[in-house]
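Here's a quick briefing to read with the model open beside you.

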Amino acid sequence: MAVQQSAGADPYFPEHGDPRYRVHRYELTLDYRPGPNRLAGAARINAIAGRSPLAEFTLNLSDFKIGRVRVDGRQPHYTHRGGRLRVRPAKPVRPGAAFTVEVHWSGNPKPVPSPWGGLGWEELEDGALVASQPIGAPSWYPCNDRPADKAAYQISITTPSAYAVVAGGRLLTRTTKASTTTWVYEQSAPTSSYLVGLAIGKYQTVLLGDPGPGGVPQHGHIPAHLLPEFSRDFARQPQMMDLFQELFGPYPFDEYAVVVTDEELDVPVEAQGLSLFGANHVDGARGSERLVAHELAHQWFGNSVSIADWRHIWLNEGFAKYAEWLWSERSGGRSAQQLAAAAHRLLSGQPQDLRLADPGRKSMFDDRLYERGGLTVHAVRCAMGDDAFFRMLRGWAGLHRGGAVTTTTFTAHVGRFADEPLDDLFEAWVYGTALPPLPTQIPARPAHPPTNAESA
């Protein structure tokens, strides 16, 4: 596992995350009442100090009432303003030393304001949903909110028994007492704070396909009235899982779940081991199937292999976009080349001022980043040929599983698999802004040198 953390604050969100320490594990114990939208929580955070003595550190947490803070069992000095919980331990933590933080909080969770609207905890008509990308995690729990600080999670949530709780990871226990039920989930794989997904609602659970021995269990959690449409729209997800494991390598988590809420969402959202869709993404006609592929692909690209900071978001979205094209190509739809040509035509008529390697905060979710990211991956495939390209892709997902990467990490990785340097390709597609010509597929390389007769 390779983790390349930024040396300082995230350039797009300097108020989020603290590079002076890293978290190893979060243990969250939550009680949520949907009616009054009331959340009470306790967090036990196991962390490790960086290379300097840790006289103070920060956690990101929204405007909740703080009931208790402890560092290694001792009461620290702390302040809580502007979404930042600043903690000064009674005694500085030694460089490289492990330490434990306990935080108790309560209040009415609400989304974190952002340029893209509210992010994080969203109260639904009947339940709640968490979709945090990129900075919504502090809307419901205290965290070191930077994508490269990946940790294991155990989440215990108590709700009224009428509600189901779905979180990314493995369901360890479900215990009912009187009128409430406590759900305990474990996500042992390293997880970025924004990728801790959660859904609370009245869902029916179905198994998608038969995983068989050693297969990946895939479950759907949907409102009962949407089950007929869902059964068609997600019917081919197990085939997507098989294809992506063939092309990208083993699925990186224990299982995979999809949740469909009974409300509309602008776009589906990925979380670790979990994807969240709106009722508008279910039409019974596979109208959103490319998005089903996109969110599944994020489990490899974005979730398992994460970015060191938000400047590199094209590594998440470009690969997920290209996975849509690969699924289309392999399932009888348009080829990747045809889809690349369509994307190229679209981009050629739009402003060409976006730089993939550092798009800026305002453009990090621009549609052009997704399309140009997919085109860049296609250009690499065309330059390398399929055999080397897919070996490179499987190596990328395997070598950096559970880690965090940068654009430079990727270009160096490609260089180890390409027959010729691709510096000019990356300079044009990743570091430049003008749209390069449409990449074209090279002929499949023969398995052996052609004979005179074959070459005649």
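Predicted model: local features only at pLDDT ≥ 70, side-chain atom pairs only at ≥ 80, totals over all residues.

**The largest pocket**
- Its volume is about 880 Å³.
- There are 32 lining residues, and those closest to the pocket centre are Asp 266, Val 267, Pro 268, Val 269 and Tyr 370.
- Helix α3 is the top contributor to the lining, with 4 residues.
- Sorted by class, the lining comes out as 15 nonpolar, 6 polar and 11 charged residues.

**His 298**
- Look for His 298 in the loop between α3 and β20.
- Is His 298 buried or exposed? His 298 has a relative accessible area of 0%, and buried means under 20%, so this residue counts as buried.
- Val 269, one of the residues closest to the pocket centre, is 29 residues from His 298 in sequence, and the two C-alpha atoms are 9.7 Å apart in space.

**Aromatic pairs and a cluster**
- The model has 29 aromatic pairs in total.
- Take Phe 248 and Trp 300 as an example: their ring centres are 5.6 Å apart and their planes meet at 70°, so this pair is edge-to-face.
- Phe 248 belongs to helix α2 (residues 237-248), while Trp 300 is in the loop between α3 and β20 (306-307), so the pair ties together parts 52 residues apart in sequence.
- Phe 248 and Trp 300 are both buried.
- The loop between α3 and β20 thus gets two mentions here, as it holds His 298 as well as Trp 300.
- Phe 248 and Trp 300 also belong to one aromatic cluster, whose other members include Phe 244, Tyr 251, Phe 253, Tyr 256, Phe 301, Trp 314, Phe 319, Trp 396, Phe 410 and Phe 426.

**The annotated stretch, 133-195**
- An unreviewed UniProt entry annotates residues 133-195 as "domain: Aminopeptidase N-like N-terminal".
- In the model, residues 133-195 are 0% helix and 54% strand.

**A charge over a ring**
- Which ring does the charged end of Lys 202 sit over? The ring is that of Tyr 163, and the charged end lies 5.2 Å from the ring's centre.

Terms used. Residues numbered from 1 in each chain as written. Heavy atoms only, no water. 1 Å grid on protein atoms, 1.4 Å probe; cavity = no way out; pocket = protein on both sides within 12 Å on 5 of 7 lines; lining within 4 Å. Points joined across faces, edges and corners; volume = space filled by probe spheres on them. Nonpolar A, V, L, I, M, F, W, Y, C, P; charged D, E, K, R; others polar. Phe/Tyr/Trp six-rings, centres within 6.5 Å; stacked < 30°, edge-to-face > 60°. Buried < 20%, exposed > 50% of the residue type's maximum accessible area, 1.4 Å probe, protein only. Lys NZ or Arg CZ within 6 Å of the ring centre and 35° of its normal. UniProt positions renumbered as here; feature names shortened; annotations may be inferred.
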